[in-house]
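Trainee: I would like a close look at a single part of this model, the place where the two chains meet. Please take it slowly and define the terms as you go.

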2 protein chains.
Amino acid sequence: MSEQASLGTVAIVGVGLIGGSLALALKKAAVVDAVIGVDQSRGALHQALDLGVIDEIGEWSDLTRADVIVLATPVDALFSVCQGLHDLDLRAGVVVTDVGSTKGSVLAAMREAYGEVPAWFVPGHPIAGRERSGVGAAAADLFHQHKVIVTTLPETDDAALGVVSRMWHATGALVSFLSIDDHDEVLGATSHLPHVLAYLLVDMLKKDLHHEEIFSYAAGGFRDFTRIASSSPVMWRDVCLHNPEVLKRLIANYRSRLVAFEQLLDDGDGERIEALFLAAKRARDAHYQLDNES
Amino acid sequence: MSEQASLGTVAIVGVGLIGGSLALALKKAAVVDAVIGVDQSRGALHQALDLGVIDEIGEWSDLTRADVIVLATPVDALFSVCQGLHDLDLRAGVVVTDVGSTKGSVLAAMREAYGEVPAWFVPGHPIAGRERSGVGAAAADLFHQHKVIVTTLPETDDAALGVVSRMWHATGALVSFLSIDDHDEVLGATSHLPHVLAYLLVDMLKKDLHHEEIFSYAAGGFRDFTRIASSSPVMWRDVCLHNPEVLKRLIANYRSRLVAFEQLLDDGDGERIEALFLAAKRARDAHYQLDNES
């Protein structure tokens with residue numbers, strides 16, 4: 001089917017929405033010999049097998065047969081997962097990657113297990129998701145035309161980087177390379193900070209305005225603006241706890257902009273307020289060319 | 001058609017999206033004898049007549065024939081409009097209302113023209129709109145199931161209040177009463193502040209992050225969150241300039257919440273971060289029960 005070389009045997013550790021969708025995409029692209037699923041939940045594994053997401057239910061020791069291992073567990077499990085990898089005699093030339101939205105914790109877990117970040121570990125971050133979770137929601141096209149960030153460290157092995165990039169490319173994703181620091185900065189700005197801003201606004205309106213019907217007066221813009229405040233509190237708590245320094249810097253920067261804007265209001269400086277709004281509108285419209293409804 | 005008493009002759013001053021949609025809705029509900037359109041633009045008036053939005057193109061002096069006068073011009077025109085009303089010999093029992101999203105300027109304009117806010121002036125604010133503007137975009141169902149806030153002052157005449165309420169009810173809108181102060185507070189919180197927050201975030205990302213592709217890494221949540229930053233810079237400049245005190249208070253309150261959140265990050269207090277996110281999610285989900293996709 002595919003003209004690409006096979007990735008060999010791929011093991012997915014954590015067969016949920018992301019891990020399952022990756023397995024489906026790789027099978028669809030015919031770039032794998034077999035997909036082994038490993039998960040604490042036997043139910044998830046059997047469901048994945050039934051759905052054709054994985055070819056085989058694996059035990060932990062089966063990871064020694066994998067050419068590529070994808071860590072797709074919740075962040076909380078990463079320390080024990082990395083320790084578990086260290087306890088195995090992995091295949092020579094094995095490539096390991098992950099799918100986490102913050103990179104600090106997986107690197108810390110790798111360092112704790114190995115004393116360093118192994119050259120064959122290439123952190124990845126697919127920017128895709130959907131409201132439903134679990135392998136039942138997995139879809140082969142989840143990553144199609146979505147950005148996947150492959151992050152590099154100085155010690156990363158080139159061949160391993162190539163394997164992970166090729167894997168994501170096969171899913172139809174748009175693969176980008178960023179340093180770990182740039183990744184955390186860019187995601188902090190475009191994802192972590194907006195979530196915090198939305199959560200804080202809704203909480204403030206609820207607590208301070210003492211108006212039972214406050215939300216009923218909101219127009220469509222408010223609904224869109226606060227949609228991300230309906231995201232998982234646990235997941236976003238973890239993101240905040242794993243990227244606190246970048247987030248604090250961004251929040252402080254944002255606060256200084258609020259102060260500057262209060263000064264514009266004090267001055268009644270319509271010209272500069274309009275210029276600021278226009279610059280923002282242009283920046284956004286330039287990117288979302290088909291999305292100017294508001 | 002309707003069992004309701006007629007509003008008599010309704011004059012729409014400013015035949016654009018809002019004024020035109022109101023005219024269409026009132027004609028559809030059969031609660032008007034005739035709709036007179038008054039506008040500086042002859043083109044808009046002829047288009048409105050051709051589309052059946054108005055029954056008659058009126059001159060300024062024709063406002064003396066109206067039972068209800070709706071001011072639907074841009075905010076900037078309100079001072080000369082109110083002065084123009086004062087120069088006419090309006091019908092006894094006339095009721096005048098407006099459709100502005102901030103109420104400070106129309107009240108100031110009325111006070112300048114009349115020395116006080118006349119008892120027959122009832123400020124109104126339909127919370128509805130669409131991206132396209134102009135009478136060509138007018139629709140009879142624009143207000144259907146949308147909130148319309150009718151604001152009251154101590155001096156407001158009860159009968160005038162009743163007429164304006166009945167008018168909006170006939171359009172299918174959900175009519176609420178708020179004091180002017182509550183109106184400005186509620187709209188400041190659910191509309192003006194979110195717009196400022198979105199504009200400032202986009203501007204900050206564009207200016208400070210020095211990353212050409214910053215927006216390309218953003219997921220769907222960011223797109224929704226920043227959609228209102230594509231709104232009209234001129235319109236939102238005017239809103240900010242007309243509601244600065246409330247907006248400054250809300251921004252200061254919001255800043256204090258950002259500071260408190262930075263402290264939670266400093267403390268690594270996952271428990272309170274999660275509790276805050278959960279409270280916000282619950283408040284939002286309780287209102288938007290069918291909108292939990294994020």
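How many residues does the contact take from chain A and from chain B?

Mentor: The model is predicted, and local features need pLDDT of at least 70, side-chain atom pairs count only at pLDDT 80 or more, while totals for chains, interfaces and linings use all residues. Residues are numbered from 1 along each chain as its sequence is written, and chains are lettered from A and ligands numbered from 1 in the order in which they are written.

The contact takes 78 residues from chain A and 78 residues from chain B; two residues are in contact if their C-beta atoms, placed from the backbone, lie within 7 Å. On the side of chain A that touches chain B, at least two residues each come from β8 (147-152), α6 (180-208), α7 (220-225), α8 (233-242), α9 (244-267) and α10 (270-287) of chain A. Helices here are DSSP runs of H or I with at least four residues, strands are runs of E with at least two, and both are numbered from the N terminus. α6(A) gives the largest share of that side, 18 residues. By residue class, the side of chain A that touches chain B holds 45 nonpolar, 14 polar and 19 charged residues. Ala, Val, Leu, Ile, Met, Phe, Trp, Tyr, Cys and Pro count as nonpolar, Asp, Glu, Lys and Arg as charged, and the others, Gly among them, as polar.

The domain division of chain A gives some context. Domain 1 covers 9-178 and domain 2 covers 185-287, with bounds from an automatic or database domain assignment. Their C-alpha centres in chain A lie 33 Å apart. Within chain A, 6 residues of domain 1 are in contact with 6 residues of domain 2. The side of domain 1 of chain A that touches domain 2 of chain A has 2 nonpolar, 4 polar and no charged residues.
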